[in-house]
Amino acid sequence: MIGRPHSYWTEYRRRIEAVTADDVRAAAAKHLDSGKLAMLVVGKWSEIEPGDADGRAKMADLFGGAVEHLPLRDPLTLLPLAE
């Protein structure tokens, strides 16, 4: 036993559904430092940079458009792969 009551899993979905967007925002404001956040986006930059198809956001809208491109690396040697 991991210290949870027997009702933990039967009540789990109800507890998750009770969480509101305001609850999430409050937790993020309390526990996250937006100045230290990083986002990792994997894929073809030419397809990612324009943003979503509905035009809600472009990559330039995030983090002041600051982007650092990291090379693909060989998973065994960690050396950059030729593109």
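Which two side chains meet in a salt bridge at 2.8 Å, N to O? The pair is Asp22 and Arg25. The model discussed in this report is predicted.

## The pair in helix α2

Asp22 and Arg25 both belong to helix α2, which covers residues 21–31. The two residues are about one helical turn from each other, because three positions separate them within that helix. The contact between their side chains is a salt bridge with an N to O distance of 2.8 Å.

Both partners count as exposed. Asp22 has a relative accessible area of 51%, and Arg25 reaches 54%. Since the exposed class begins over 50%, Asp22 at 51% falls within that class, as does Arg25 at 54%.

## Overall fold and dimensions

The protein holds three helices and zero strands. Read from the N terminus, the order of its elements is α-α-α.

The radius of gyration of the protein is 20 Å, whereas a compact globule of 83 residues would have a value near 12 Å. The C-alpha trace extends over about 55 × 35 × 25 Å along its principal axes. Of the 83 residues, 4% count as buried.

## Charges and the salt-bridge network

Among the side chains of the protein, 11 are positive and 13 are negative. The centres of these two sets lie 8 Å apart. Side chains of opposite charge can pair when their charged atoms come close. In this model the count of salt bridges comes to four, including the one between Asp22 and Arg25.

Shared partners join Asp52, Asp54 and Arg56 into one network of salt bridges.

Asp52, in contrast, is partly exposed, at 26%.

## A nonpolar surface patch

Which residues form a nonpolar patch on the surface? The patch consists of Leu32, Leu37, Met39, Val41 and Phe63, and together these residues have about 470 Å² of accessible area.

Phe63 is found in the segment after α3, the helix of residues 45–48. Its relative accessibility is 46%, and Phe63 therefore counts as partly exposed.

## The segment after α3

Two further residues of this segment may be described. Glu68 lies in the segment after α3 and is exposed, with a relative accessible area of 66%. Between Glu68 and Glu47 there are 16 Å from C-alpha to C-alpha, and the two residues are 21 positions apart along the chain.

Leu78 is also placed in the segment after α3. Is Leu78 buried or exposed? At 53% relative accessibility, Leu78 counts as exposed. The phi angle of Leu78 is near 65°, a positive value in a residue other than glycine. In sequence, 69 residues separate Leu78 from Trp9, and the C-alpha atoms of the two residues are 41 Å apart in space.

Conventions. Residues are numbered from 1 along each chain as its sequence is written. This is a predicted model: local features need pLDDT of at least 70, side-chain atom pairs count only at pLDDT 80 or more; totals for chains, interfaces and linings use all residues. Side-chain values use heavy atoms; hydrogens and water are left out. Patches are made of residues with over 30% relative accessible area and no salt bridge: like charges are joined within 9 Å, nonpolar side chains (Val, Leu, Ile, Met, Phe, Trp, Tyr) within 5 Å. Accessible areas come from the Shrake-Rupley method with a 1.4 Å probe; for residues, only the protein chains shown count as cover. Helices (H or I, at least four residues) and strands (E, at least two) are DSSP runs, numbered from the N terminus. Buried means under 20% relative accessible area, exposed over 50%, partly exposed in between (1.4 Å probe, protein chains only). The radius of gyration is taken over C-alpha atoms; the globule rule is 2.2 Å times the number of residues to the power 0.38. Lys and Arg count as positive and Asp and Glu as negative; His and the chain ends are not counted. The place of a charge is taken as NZ of Lys, CZ of Arg, CG of Asp or CD of Glu.
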